[in-house]
Amino acid sequence: MTTALITGANKGIGFEIARLLGERGITAVVGARDEERGRAAAAKLGQPFVRLDVTDVESVHAAAKCLEEEYGTLDILVNNAGITGGQQDPRPSATPADKMREVYETNVFGVVSVTNAMLPLLRRSPAGRIVNMSSELGSLSMAVDPESPFWPHTYLAYNSSKSALNMVTVAYAKELMDTPIKVNAANPGYCATDLNAHTGFRTAEQGAQIAVRLATLDADGPTGAYLQDDGPVSW
């Protein structure tokens, strides 16, 4: 049996990742901080649920203990939970430091907390896979290119958190280079989800495709990469 954990899986892209993995016969554990919504999503998918608030270390370790007791191992970790911070004024000078901390707690520190807690279980897998849900807004190359469609978007907290997440991805990939575990960053594109008030032009299912592909890589697949549907994203 192949077992996956998807954080923030009660809705949006995370829900679709769990659904698509389930269609492949994978046990896709729905991780969510809201127990009622998480259980409802898991029931809809016919998958197990674990309460998991990525910003709460005790919750993270309790989830890892639960998975160990139930399955003994973990084959796939998708760090999908993320927030924008809900800031209306995109100017960096209008971004309070507290807003940065709030976004980083989920988008960066939460990923580190969950990854560290789940690594002992992933190491027991013959082919562990870690997928970090990033964004094209985290690309420094596109951010400094005046011809890029992302040039005008200066959301300091969210964009920089995804850039930081890309470095987190590379760091873990390098540490785990001599193991069967592969660690990659996925760019789902601009998908219509609650994160952006459903203004995206891609569906959540479309955004989930790259995560599923990276979660089920063969042994000769990449690690330490930043990828979208049509190939690499420029760092």
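## Fold and nonpolar cores of a predicted model

The protein chain contains 7 helices and 8 strands, and the coordinates discussed here are those of a predicted model. Along the principal axes, the C-alpha trace covers about 50 × 40 × 30 Å. The radius of gyration is 17 Å, which agrees with the value near 18 Å that a compact globule of 235 residues would have. Of the contacts with a separation of 6 or more, 69% join residues 24 or more positions apart.

As for burial and surface, 51% of the 235 residues count as buried, while the chain exposes about 11,000 Å², of which carbon and sulfur atoms supply 53%. There are 20 positive and 27 negative side chains, and the centres of these two sets lie 1 Å apart.

In soluble globular proteins, nonpolar side chains tend to be buried together. Here the largest nonpolar core has 32 residues, and those with the most contacts inside it are I6, I17, L21, V131 and M133.

The largest share of the core, 7 residues, comes from α7. Leaving aside residues up to four places away in sequence, V131 touches L77, V78, N79, N184, A186, A211, L214 and A215. A second, separate core comprises 29 residues, among them L52, Y104, A173 and I181.

Conventions. Residues numbered from 1 in each chain as written. Predicted model: local features only at pLDDT ≥ 70, side-chain atom pairs only at ≥ 80, totals over all residues. Heavy atoms only, no water. Helix = DSSP H or I, 4+ residues; strand = E, 2+ residues; numbered from the N terminus. Rg over C-alpha atoms; globule rule 2.2 N^0.38 Å. Buried < 20%, exposed > 50% of the residue type's maximum accessible area, 1.4 Å probe, protein only. Contact = heavy atoms within 4.5 Å. Areas by Shrake-Rupley, 256 points an atom, 1.4 Å probe, with all protein chains shown as cover. Lys, Arg positive; Asp, Glu negative; His and termini not counted. Charge placed at Lys NZ, Arg CZ, Asp CG, Glu CD. Core = buried A, V, L, I, M, F, W, Y, C linked by side-chain atoms within 4.5 Å.
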